[in-house]
Amino acid sequence: IFILASTEVTRVFRSFDKLINAVKNDKNEKPDCFFIISGKEKSGKSSALSVLAKYSKINDFYTFNSSYYISSIDLRQYVNSKVNYDGTVSYVDRCILADCLFIDELGDEGASDFFMEKLTYILRNRIAHKKPTFIATEMELGKLKDFYKRFPPLIKNIDKFKFVQIGGKA
């Protein structure tokens, strides 16, 4: 059994509340649900992401039947090894097909050109089909763009996401 300390619980719920409020506020601005959640290590961003991944309905606007949560490190490993999710569906397709996608630890995966190409393909498809996508990273937006600067198509897709800072600057 995993027991969270009260400060940990408070931090996670504050992060989760901020993320949920951003989703609600975003609906009034545009119909899409694409977020990059940034925060320092131990800020609660990953915990908030995993709690949100367990919901089938974020609010009155966003409902989904399937969600998929994966770290960018695992995604890179699966993409590079060309392993299938269930023997028939690739991990790239699994990321595209899920009603709601959660990618954790973006920027920690050691970005190869092949991985960045696949990540761009995933994000471009999700954006085109308006499928909610949440990405967590320890990087600030400028650092994230700088990290992926050698791959402009990925930056173009990242620019379509709303950036939410949790727990102060990353």
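This is a predicted model: local features need pLDDT of at least 70, side-chain atom pairs count only at pLDDT 80 or more; totals for chains, interfaces and linings use all residues.
Q: How many aromatic pairs turn up in the whole structure?
A: A search of the whole structure finds 5. One of them is Phe-35 with Phe-134.

Q: Okay, is that pair stacked or edge-to-face?
A: Stacked, because the ring planes sit at 10° with the centres 5.6 Å apart, and the cut-off for stacked is under 30 degrees.

Q: Where do Phe-35 and Phe-134 lie?
A: Phe-35 is in strand β1 and Phe-134 in strand β4, so the pair ties together parts that are 99 residues apart in sequence.

Q: And Phe-35, buried or exposed?
A: Buried, at 0% relative accessibility. Phe-134 is buried too, with a relative accessible area of 0%.

Q: What about the rings of Phe-147 and Tyr-148, stacked or edge-to-face?
A: Edge-to-face, because their planes are at 85°, and the centres are 4.8 Å apart. Phe-147 is partly exposed, at 31% relative accessible area, whereas Tyr-148 is buried at 0%.

Q: Switching to the nonpolar core. Which residues have the most contacts inside the largest one?
A: Leu-75, Tyr-148 and Leu-154, in a core of 30 residues. Several elements give two or more residues to this core, including β1, β2 (67-71), α3 (72-81) and β3 (100-104).

Q: Which element gives the largest share?
A: That's α5, with 6 residues.

Q: What does Leu-75 touch, leaving aside its neighbours within four places in sequence?
A: Leu-75 is in contact with Ile-70, Tyr-91, Cys-95, Phe-115 and Ile-122.

Q: Which residues are in the other core?
A: That core lies apart from the largest one and has 13 residues, among them Leu-49, Ala-53, Cys-100 and Val-164.

Q: Where does Lys-42 lie, and is it buried or exposed?
A: Lys-42 lies in the loop between β1 (34-38) and α2 (45-53). Lys-42 is exposed, because its relative accessible area is 63% and the cut-off for exposed is over 50%.

Q: And what's phi for Lys-130?
A: Near 50°, again a positive value in a residue other than glycine. Lys-130 lies in the loop between α5 (113-128) and β4 (133-137).

How values were computed
Residues are numbered from 1 along each chain as its sequence is written. Side-chain values use heavy atoms; hydrogens and water are left out. Helices (H or I, at least four residues) and strands (E, at least two) are DSSP runs, numbered from the N terminus. Buried means under 20% relative accessible area, exposed over 50%, partly exposed in between (1.4 Å probe, protein chains only). Rings of Phe, Tyr and Trp (its six-membered ring) pair if their centres lie within 6.5 Å; planes under 30 degrees apart count as stacked, over 60 as edge-to-face and the rest as tilted. A nonpolar core is a set of buried Ala, Val, Leu, Ile, Met, Phe, Trp, Tyr and Cys residues joined through side-chain atoms within 4.5 Å. Contact means heavy atoms within 4.5 Å.
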